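Q: I have a structure to study and would like to learn how to read its features one at a time. Could you take me through them slowly?

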Amino acid sequence: MDEPVAAMCDQLIKAVNVMMDAESSQRYRLEALKFCEEFKEKCPFCVQCGLQLSEKVHSPVIRHFGLQILEHVIKFRWNNMSQQEKVHLKNCAMGLLSNGTTSILEEESHIKDALSRIIVEMIKREWPQQWPDMLKEMETLTSLGDAQTELVLLILLRLVEDVITFQTLPTQRRRDIYLALTQHMDSIFSFLLNILQQHVDDYRRLAKAHCRVGVAALNTLAGYIDWVTMVHITHDNCRLLEVLCLLLSEPELQMEAAECLIIAISRKGKLEDRIPLMVLFDDVAMHYIVSSAQPNETVGVVEQHYSFLKRLCQLLCALGGQLCSLVGSHVEVPTNIDKFMEAFLAFTTHPSQFLKSSTQITWGTFFRHEVLSKDPVIIQMAVRYIRETMTNLVKRGFPSKNDSPSCQYSRVDFDSDEDFNHFFNSFRAQEGEVVRNACRIIPLEAFLISSEWLKYQISQPINTGSTTSKTGEGLCSILSPSAVQWDAMTFFTEGVVGQLFKNVEREKLPVEQGIELLQEVLNYETRDPLILSCVLTNVSSLFPFITYKPQLLPLVLIKAPRTRAVKNVRRHACSSIIKMCRDYPDFILPCFEMLYNHVKKLFANEFLLTQMEKCALMEALVLISNQFKDYNKQEAFLEELLAPVRALWLSEEMSSVLSDPVLFLKYVGADQVLTDPNTEDQFGLNRSRISFCVYTLMGVVKRARWPTDQQEAQAGGFVVGCSSTGAPIHRSPCTAQVLGLLPNLLAFIRTHNCLFLPENVAHLSETFTRVHEVMDVERNLVLGLPQPVLDIYDSPVYKTTLERMQGFFCTLYDNCFHVMGNLGPSLHQDFYTIEGLAEQIIGSMFTNLDSLPDNRLRPWHFKCLCIVVCEESQVTQELLEEQLLRIVTRELLDLLSEWTSSTVEEYIVLSKLEYLFPFNPLLQDIYMTLLTISFNALSWKDTSICHRTASVVCWTLLRQVIGENLQTEAVTWFFTSILKGLQMHGQHEGSLVALTQLALLVYETLRPQYTELRTIVTQIPNVQIEALDQFEQKMLTPSTNKATEKKRKDHFKKLLAGAVGKPLGQQFKKEVHIRNLPALFKKVKPNLKRDLLDLENSETSGLPSLFSPQQDDV
């Protein structure tokens, strides 16, 4: 045997060297790999070769391969080995632990890991039943030296990872090992703690090998602390926590010690079990925690110390979380909470943006806590936090810059400026929420701080910095010093002022300071667009103070730029006006006539305002008109307001344009060839007129409403009757105007759908042949690519002619569907009772759908975002088309989900279809098409679609037609589709649950009528006919007991297990089989016959005595 083993070992060594040699050809490397794999599978003396190759005389690569062979034998041959062979392999493996490695500092880490895996694989198969002394043997090994101690710790860690963390064992074996670990946990923890204490003491005497053991002990402890009972962690007056706190001051051990503390402090469970953790608030423990954060005397960022600071910050956050959980119910506020808060605030003021962000959730928890939020220390800290936030909100610290101490930390945390920008936006939103929480405690103090900051910014000259805006000379870019300061201050003020009016009584509001501040903002003049945008936001934030000085209202309403160059600012101004009219319509109502007359003057000059601004002002007027609470008055106003729109939209010229694709393309200038990009666009006015009409119609439909108060609605003439359930039926004041404009809107949607026909595409000029394609921004949205928001220049104000035309087509079509989507909620019965509505919708919205690209189907699904297909490289085009198809498909299923999950009482799904399509002979075909789409979607390559469809759509649709004598082929197809879904998506837990539940519903409901379903189940791989018979027998006798119901579901889940697909990475993986061992404790069944006889022979408690005549005397 020795000669064949030696010869085979020589061949294996050569094969491994070929595989690991960088100069080996691909062919030789594959042949060597094939030889090694065949050896593992077929060679009868794998154990002998593995042991020989594992000897210390070989190189680490060869030794590692030898250990891999032994692991392979244990994993895949253990069940077929004799007891003698198992004992021999076990003894040899223990021998390797004893003397099969070099010293602890010289041995390779992958050798230690491979050797520990071998022992763990045997433990998983034999302990505790067949190897009861395993723990004693491991403890004995630790006496042989540091190397053996480290290996034992690695074994204990790997064992708990496989059993508890990853759960890679069968249920019975995992339960056995878990029970054994729990029974021996006292000795295991004592063993680990003693090793840690012993080797830490030796390490302090400059023995570096003991440091390695200490690290291993801490890593092993981390694997156990997460799940053992709190008794073990807090044993002996929290000795473990005390040791861990002391180790925070040891540079070589502090990372692992902090990790153990984080896991321990983050434990959940009963509150009373966590009370001992408050020992960490003692002065001594707090001293060690805080002092460990002191940096070494070095220049710049030391990455190792910075990583420890992150762990220490996590530790303080976890400690704060436990404090919030326990204070108020089980413990009092610690007397030294000020020390803890000082340490915590230090991380909030640290230059690292990452550390600052890590503290925000805990700050919010403090400020929301019922008891802590009233503590004087926390209140004082809230003021200091607010002041620090003024610095933290300023966007600085980009990795590519050196203008802030944060930059050097950002270079460690972020790969690029884009990554930092994405992080900072999330961080700022999170910090804004915490600021609002703090303002609930100190609203007045926070307002004074924000006032100081706002006044300071107004008094400072604008500093554009080294980079200026591309929109004009001397203007700020988004990264200019003044721009970032104004932006931060505006965000801060918006949050503070909003909370001021929610948390301070009206009598205590700082009215004089607020009005003074608002006047300063209104008097501030600047031509810089970015600063002006911030000014508008501040005006909007301070607007509630207007109620105390109405004289300022005209100044507020006209605080908008009048130059066409600052389009984004003008859009912001329009949004601000709409927001104010939406939030404070009662207050603005007295100024309605003044505002309306001002708007009329602006409208007199067609070129003074953009169409967007005109529509925004009209939308604001509609919002205020809702406060008339008089149907006739509001209807008359809307008629007057929409008169220009009605005259333009219903004119003979516009009607022709909206009804003819060729005339429409000519009217908007899409058939014109433009050679000079600087040429004035003569057709821009035509496009703006169409946009104006659609925008206005959309605004009126969205904003015109009747009073929410039923008495006011009744008194104002908005109620026209009651439904069968007694609910009032309202009428909208915009009904007459909107319905008059609707025919041309439907005509335009039909025309737009026809623009994609070849004969109409041919009318596009060379300049606009790509008008239906995508712009870069929308393409990036589809592909999920980050936007170039960090360009030092702003985007140019004026787009190219093609981009303007693309935006026009895209936005206009989208807005048309916004109007259609809002008509039902706005007009109610006045819309649905339109004569021939179904035919009009089909003849308009459903026209020429086959020619529409996927992206244009998105607004058809009543969605907001419109995305257009583009052409670039072939790869990008394929990705874009696939992603567009995925998005459109999801939205189609979302539409079906909304349809089927609606809770309208008097309509089931089928009757909803009848309601939408009355007297339509194709209704049944439409319904079956929806069923087909839904069940097909179960096996589409999109997990979210599968989960949504299986849990919401499929059964809701199918159960409506169960009693309609479905054909056998249809039923079998439905069930087979579910099984296909399991094959495709069953690897995901969420999809598995939804699909299994759907399959159970279908099988239980249809199986009595369609026996073919049983035939399908019998064809599932590895299904047991006896188990199927048992399930069907239980199915015939349903139970309301929840436990029985769960067992039935689990039973059916096991029947379908053979149809569940595996992830690609698991499909060709060889399965590991671990046999169950005899149970640790056998339950002895009681002998009922003997018990009854004992009862009968008993004088006091015998069964016959219960019915004896003497009992009547009791």
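Q: Which residues do ring pairs link into a cluster?

A: This is a predicted model, in which local features need pLDDT of at least 70, side-chain atom pairs count only at pLDDT 80 or more, and totals for chains, interfaces and linings use all residues. Residues are numbered from 1 along each chain as its sequence is written, and side-chain values use heavy atoms, with hydrogens and water left out. Rings of Phe, Tyr and Trp (its six-membered ring) pair if their centres lie within 6.5 Å, and planes under 30 degrees apart count as stacked, over 60 as edge-to-face and the rest as tilted. Here such pairs join F281, F340, F344, W363, F366, F367 and Y385 into a cluster.

Q: How many aromatic pairs are there by this rule, and how is a single pair described?

A: The count comes to 44 aromatic pairs. A pair of aromatic rings is described by the distance of the centres and the angle of the planes. For F592 and F637, which form an edge-to-face pair, these values are 5.3 Å centre to centre and 70° between the planes. F592 lies in helix 31 and F637 in helix 33, so this pair ties together parts that are 45 residues apart in sequence. Helices here are DSSP runs (H or I, at least four residues), numbered from the N terminus.

Q: Which residues of helix 33 are buried?

A: Buried means under 20% relative accessible area, exposed means over 50%, and partly exposed lies in between (1.4 Å probe, protein chains only). In helix 33, which spans residues 631-641, the buried residues are Y631, Q634, F637, L638 and L641. They cover an arc of only 135° around the axis, taken from the directions from the helix axis to the C-beta atoms, which puts them on the same side of helix 33.

Q: Against which helices do the buried residues of helix 33 pack?

A: Contact means heavy atoms within 4.5 Å. The buried residues of helix 33 pack against helix 31 (592-604), helix 32 (611-625), helix 34 (643-649) and helix 39 (735-754).

Q: Is V673 buried or exposed, and what does V673 touch?

A: V673 is exposed, with a relative accessible area of 52%, and its place is in the loop between helix 36 (661-668) and helix 37 (684-703). Not counting residues up to four places away in sequence, V673 touches S765, E766 and T767. The C-alpha atoms of V673 and S765 are separated by 5.6 Å, although these residues are 92 residues apart along the chain.

Technical notes:
Helix = DSSP H or I, 4+ residues; strand = E, 2+ residues; numbered from the N terminus.
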